[in-house]
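Subject: Structure for your review

Dear colleague,

Please find below the structure I promised to pass on to you. My notes on it follow directly after the model.

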Amino acid sequence: MPLPDMVEIASGPLLARFAPGWGGRLTHLVHAELGDILVPTHETEFDPWTWPKAGAYPLFPYHNRVAGAAFSHLGRDYTVVPHPALAGDAMHGPAHRRGWRIEEQASDRVTLRLDYRTDDEWPFSFTAWQTFTLDDQGLSLKLKLVNRADHPAPAVIGWHPYIQASLDNKAYTDATAAYVLDRLNMPISSVPVHHDYATIPASSGYTLHFCNWKRAELLRDEAKLVISADPIFGHIAVHRTERYLCLEPVSAVAGVLGLPESERQSSGLVLLGPGEHLSGRIRMSITSIKHGEPS
């Protein structure tokens, strides 16, 4: 898919660009003094199955893997299209591979909308919104999902940013619980274990899943970035490489659709009746360390 029309908003030192046609993706978040906050998107073509490891994208109506691209729901079995590179598993839902449209735009705010009609990637129709607002101190994002099916549907919402960071940049979270993971970095149980250390490891290629958190932060050379979110985002996924750190607020544990149905709602999954919605806000605050005050 060729480079689509770009949308741009700004406030104070911050500028954000979006490619609605590329899965509602935030492609750039740039600070006038601090440079790129997110890994900038340089691609000129978009492959929906090999998406850029850059910018940020939405997670609707589930995140992480659906093992075997199959799950049960209210006594019925469903299958979805597997990711071609994941040995039969589905990944991250269809919303970030579909074209979104601009519903509303102002100089410092934009709302993107996706009207999803059931197909072989997800068996329940829904409408999703992302509303981004910039101010001098950071970015606020509201996510909303409405069930358009005529029967109850499972729902998860989340956000997947690629924050530009080296392994020299220290990162922390106040999460009080973490999940023990298998070889695919998936929780082996819906029950987390106590987490009593704050540092996010400075190593590459790992994924961690936490819960019971209120904030996660990254210290860069001259900036502190803080991710916080409404309580609906009770889980946060962390993935790190040499060039970026993903701090992903999500409303359910990874792999929640693979859990027994009796354990799913206690692990964050929400059952939405027809017309019901799930929503929450995420905040990325950006503080200049150099000047010791909000930039």
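Ala87 sits in the loop that runs between β8 (76–79) and β9 (90–91). In this predicted model, Ala87 has a positive phi of about 50 degrees, although it is not a glycine. With a relative accessibility of 80%, Ala87 counts as exposed, since the cut-off for that class is over 50%.

A positive phi is also found at His92, again a residue other than glycine, with a value near 65 degrees. His92 belongs to the loop between β9 and β10 (101–106). Its relative accessible area is 3%, so His92 is buried; the limit for that class is under 20%.

One further point on the backbone concerns Pro61. The peptide bond leading from Phe60 to Pro61 is cis, and its omega is near -10 degrees. Pro61 is placed in the loop between β5 (56–59) and β6 (65–66).

I turn next to the pockets. The largest pocket has a volume of about 430 Å³. Its lining consists of 22 residues, and those nearest the centre are Met91, His92, His160, Thr207 and His239. His92, described above for its positive phi, is therefore buried at 3% relative accessible area and also belongs to this lining. At least two lining residues come from each of β21 (206–211), β24 (235–240) and β25 (244–250), and β25 contributes the most, with three residues. Sorted by class, the lining of the largest pocket comprises ten nonpolar, nine polar and three charged residues.

The second largest pocket holds about 190 Å³ of space. It is lined by 14 residues, with Ala67, Met186, Pro187, Gly255 and Gly258 nearest its centre. Nine residues of this lining are nonpolar, two are polar and three are charged.

The loop between β18 (177–178) and β19 (193–194) contains Val180. Val180 is partly exposed, at 42% relative accessible area. Together with Ile188 and Val193, Val180 forms a nonpolar patch on the surface, and the three have about 250 Å² of accessible area together. Asn185 is found in the loop between β18 and β19 as well, and is partly exposed with a relative accessible area of 28%. The C-alpha atoms of Asn185 and Leu208 are separated by 7.2 Å, while the two residues are 23 apart along the chain.

Finally, the salt bridges. The count comes to twelve. One of them links Arg98 to Asp119, with the closest N and O atoms 2.7 Å apart. Because Arg98 lies in the loop between β9 and β10 and Asp119 in the loop between β11 (109–116) and β12 (126–135), the pair ties together parts that are 21 residues apart in sequence. Asp119 is partly exposed, at 30% relative accessible area.

Another salt bridge joins the side chains of Arg109 and Asp108, at 4.0 Å from N to O. Both partners are partly exposed: Arg109 has a relative accessible area of 29%, and Asp108 one of 26%. The side chains of Arg215 and Glu217 also meet in a salt bridge, here at 3.0 Å from N to O. In this pair Arg215 is partly exposed at 35% relative accessibility, whereas Glu217, at 16%, counts as buried. Elsewhere, salt bridges that share partners join Arg97, Arg98, Asp119 and Glu121 into one network.

With kind regards

Notes. Residues are numbered from 1 along each chain as its sequence is written. This is a predicted model: local features need pLDDT of at least 70, side-chain atom pairs count only at pLDDT 80 or more; totals for chains, interfaces and linings use all residues. Side-chain values use heavy atoms; hydrogens and water are left out. On a 1 Å grid over the protein atoms alone, a cavity is a set of points where a 1.4 Å probe fits but cannot get out, and a pocket is an open set with protein on both sides within 12 Å along at least five of seven lines; lining residues have an atom within 4 Å of a point. Grid points are joined across faces, edges and corners, and a volume is the space filled by probe spheres set on the points. Helices (H or I, at least four residues) and strands (E, at least two) are DSSP runs, numbered from the N terminus. Ala, Val, Leu, Ile, Met, Phe, Trp, Tyr, Cys and Pro count as nonpolar, Asp, Glu, Lys and Arg as charged, and the others, Gly among them, as polar. Buried means under 20% relative accessible area, exposed over 50%, partly exposed in between (1.4 Å probe, protein chains only). Patches are made of residues with over 30% relative accessible area and no salt bridge: like charges are joined within 9 Å, nonpolar side chains (Val, Leu, Ile, Met, Phe, Trp, Tyr) within 5 Å. Accessible areas come from the Shrake-Rupley method with a 1.4 Å probe; for residues, only the protein chains shown count as cover.
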